[in-house]
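Open your viewer and keep the selection panel at hand. This tour goes from stop to stop and says what to look for at each one.

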Amino acid sequence: MKPIGQSVKLGLIVCQHCGRWIDEVETEKVTVLYGCCREDSCRNGKRQGDIEHD
Ligand SMILES: [Zn+2]
């Protein structure tokens with residue numbers, strides 16, 4: 001049994017190219033981070049410090 005209510009995730013990671021929701025992370029405040037989704041059209045796009053997720 002895991003304790004409930006201690007792991008609220010407020011950080012959203014969205015694709016900087018298409019705006020698709022990619023993932024969420026635990027942060028201290030509401031935050032939107034930009035990364036790159038797995039769509040070929042986005043992955044083949046220009047790289048500007050993308051957040052890599054394997
Ligand atoms: Zn994308």
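A residue is called buried here if 20 or more other C-beta atoms lie within 10 Å of its own. By that rule, 9% of the protein's 54 residues count as buried. Keep in mind that this is a predicted model.

**The whole chain**

Show everything as a cartoon. Follow the chain from the N terminus, and the elements come in the order β-β-β-α. Now think about contacts between residues at least 6 apart in sequence: 13% of them join residues at least 24 apart.

**The sheet**

Select the three strands. They form an open sheet, in the order β2-β1-β3, with mixed pairing. The edge strands are β2 (21-25) and β3 (31-35), and each of these pairs on one side only. Look along the sheet: neighbouring strands are turned by 25 degrees against each other on average, direction ignored.

**β1 and β2**

Select residues 11-15, which make up strand β1. Which residue of β2 is the bridge partner of Gly-11? Val-25 is. Step on to Leu-12, which stands opposite Glu-24 in β2. Then pick Val-14, whose bridge partner in β2 is Trp-21.

Next, go to the turn. β1 and β2 form a hairpin with five residues between them. Click on Gly-19 in that turn: it has a positive phi of about 80 degrees.

**A stop at Asp-23**

Select Asp-23, in strand β2. Is Asp-23 buried, exposed or partly exposed? Asp-23 counts as partly exposed because it has 14 C-beta neighbours inside 10 Å. Asp-23 and Leu-33 are ten residues apart in sequence and 9.5 Å apart in space.

**β1 and β3**

How many bridges join β1 to β3? There are five, and these two strands run parallel. Return to Leu-12: in β3, its bridge partner is Val-32. Leu-12 also stands opposite Glu-24 in β2.

While you are here, show the side chains. In a regular strand they alternate between the two faces of the sheet.

**A stop at Tyr-34**

Select Tyr-34, in strand β3. Tyr-34 counts as partly exposed because 16 other C-beta atoms lie within 10 Å. Leave out residues up to four places away in sequence, and Tyr-34 touches Val-14 and Gln-16. Val-14 has come up already, as the partner of Trp-21 in β2. Tyr-34 and Arg-20 are 14 residues apart along the chain, and their C-alpha atoms are separated by 9.8 Å.

**The helix**

Select residues 40-43, which form helix α1. Pick out Ser-41 within it. Why does Ser-41 count as exposed? It has 9 C-beta neighbours inside 10 Å, and a residue with 12 or fewer is exposed. Ser-41 and Cys-18 are 23 residues apart in sequence, and 9.2 Å apart in space from C-alpha to C-alpha.

Terms used
Residues are numbered from 1 along each chain as its sequence is written. This is a predicted model: local features need pLDDT of at least 70, side-chain atom pairs count only at pLDDT 80 or more; totals for chains, interfaces and linings use all residues. Helices (H or I, at least four residues) and strands (E, at least two) are DSSP runs, numbered from the N terminus. Two residues are in contact if their C-beta atoms, placed from the backbone, lie within 7 Å. Two strands pair if DSSP finds at least two bridges between them. Axes are lines fitted to C-alpha atoms, for helices over the stretch in contact, and angles run from 0 to 180 degrees between N-to-C directions.
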